[in-house]
Amino acid sequence: MLFKSILSQCKIIYKQKLFLITVFIIYVFIIINYARNVKEFYGADVSAIIHPMKMTLLNTYGKWGFYFMQYVPLILVLPASFSFMNDKSNDTKVYLSAKFGVKNYYYGKLVAVFTMTFLAFFIPLVFEYILNIVTFPIQAVGDRSNLTTFDNTYNDKETRYLFFKLWRFNPYIYFFVFIAMFSFVMASFSTFVVSTTMFQIIKFKILAFLPAYSIFTFSNASGAILGIRMNYQDYLMAFDSGEKIDSLYLVISLLLLFISAIIVRCRGTEEI
């Protein structure tokens, strides 16, 4: 019954306008960034072209990637985080709870929100990944810093990429894994947001934007106090060359999923 609950709720989320709008917004950012790269490197010699993976939206030095990251705390809420509030307002919650059971509804909600948010980011970013590989020469190894790959300064910068050993093993495997990691973080935050909307105090949808934004803001402030780089942009954009704790946002994401599961367990038990 849990699987059927998950599947039903995934279908409901997929049909919601905000899910499609979110995917569309991400594609718009990707296409604009891609067009800018094509214009910049059209007809250029391979030696003058930067690495295809360093042209992506999640590139630290990209103009449109920078704009995209400013809105990420808001965008991640849109695909699925309002789904519980929607279910309450249109009685879908009552129907699904009766059909699949209260606990299956709540646990199914978490899994469905996580899955659909993950896909909302993962699919467009993988599309861009493939598009860059097809469009730009894979022999290109340039960097926005204009440093050569043989430069000691460049090599030192590489060692400060997240999980840099995987980058040196294979840049294309590295970036695919990075996309999956980014999507995982987005999905985890979205799942936490939907779990907070299960509290009675959250009555207005606009309040659903606060949890994720607050966590990102708190992380930035904590990093400044502790003298540690914790700015989400440094971790969620590839190729940042500052000192970082590699697994920081993965750990935060797992913690949020754990808290979400506890909230859902409590809410499901209360209603039985």
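About 250 Å³ of space lies in the largest pocket of this predicted model. How do you find such a space? Rolling a probe the size of a water molecule over the atoms shows where empty space is left. Here the search runs on a 1 Å grid over the protein atoms alone: a pocket is an open set of points with protein on both sides within 12 Å along at least five of seven lines, while a cavity is a set of points where a 1.4 Å probe fits but cannot get out. Grid points are joined across faces, edges and corners, and the volume is the space filled by probe spheres set on those points.

Eighteen is the number to look for around the pocket: it is lined by 18 residues, and Ser47, Ile49, Val141, Gly142 and Asp143 are the ones nearest its centre. To count as lining, a residue needs an atom within 4 Å of a point. Nine of the lining residues are nonpolar, six are polar and three are charged. In this sorting, Ala, Val, Leu, Ile, Met, Phe, Trp, Tyr, Cys and Pro are nonpolar, Asp, Glu, Lys and Arg are charged, and the others, Gly among them, are polar.

Before going on, some housekeeping. Residues are numbered from 1 along each chain as its sequence is written, and side-chain values use heavy atoms, with hydrogens and water left out. Since this is a predicted model, local features need pLDDT of at least 70 and side-chain atom pairs count only at pLDDT 80 or more, whereas totals for chains, interfaces and linings use all residues.

How many cavities of 30 Å³ or more does a search of the whole structure find? The answer is one, and the largest cavity holds about 40 Å³ of space. Its lining is made of Leu162, Met181, Val185, Tyr235, Leu236, Asp246, Tyr249 and Leu250. By class, that gives seven nonpolar residues, no polar ones and one charged residue. Helices α9, α11 and α12 each supply at least two residues of this lining. (Helices, H or I with at least four residues, and strands, E with at least two, are DSSP runs numbered from the N terminus.)

Tyr249 turns up again in the largest nonpolar core. That core has 52 residues, and Phe68, Leu76, Phe175, Phe182, Met186, Phe189 and Tyr249 touch the most other members. A nonpolar core is a set of buried Ala, Val, Leu, Ile, Met, Phe, Trp, Tyr and Cys residues joined through side-chain atoms within 4.5 Å. Buried means under 20% relative accessible area, exposed means over 50%, and partly exposed is in between (1.4 Å probe, protein chains only). In soluble globular proteins, nonpolar side chains tend to be buried together.

Which elements give two or more residues to this core? They are α2 (17-41), α3 (63-75), α6 (102-135), α9 (171-196), α10 (210-226), α11 and α12. The largest share, 13 residues, comes from α9. A second, separate core of 20 residues includes Ile6, Tyr106, Met198 and Val264.

Asp240, in the loop between α11 (232-236) and α12 (248-271), is buried, with a relative accessible area of 9%. Its side chain makes a polar contact of 2.7 Å with that of Arg229. (A polar contact is a pair of N or O atoms within 3.5 Å; within protein, one must be able to donate a hydrogen and the other to accept it, and residues adjacent in sequence count only if both atoms are side-chain atoms.)

Next, find Ser83 in helix α4 (residues 83-89). Is Ser83 buried or exposed? Ser83 is buried, with a relative accessible area of 0%, and its side chain reaches the backbone oxygen of Ala80 at 2.8 Å. Ser260, in helix α12, is buried at 0% as well, and its side chain reaches the backbone oxygen of Leu256 at 2.7 Å.

For a contrast, end at Phe3 in helix α1 (residues 2-15). Phe3 is exposed, with a relative accessible area of 62%.
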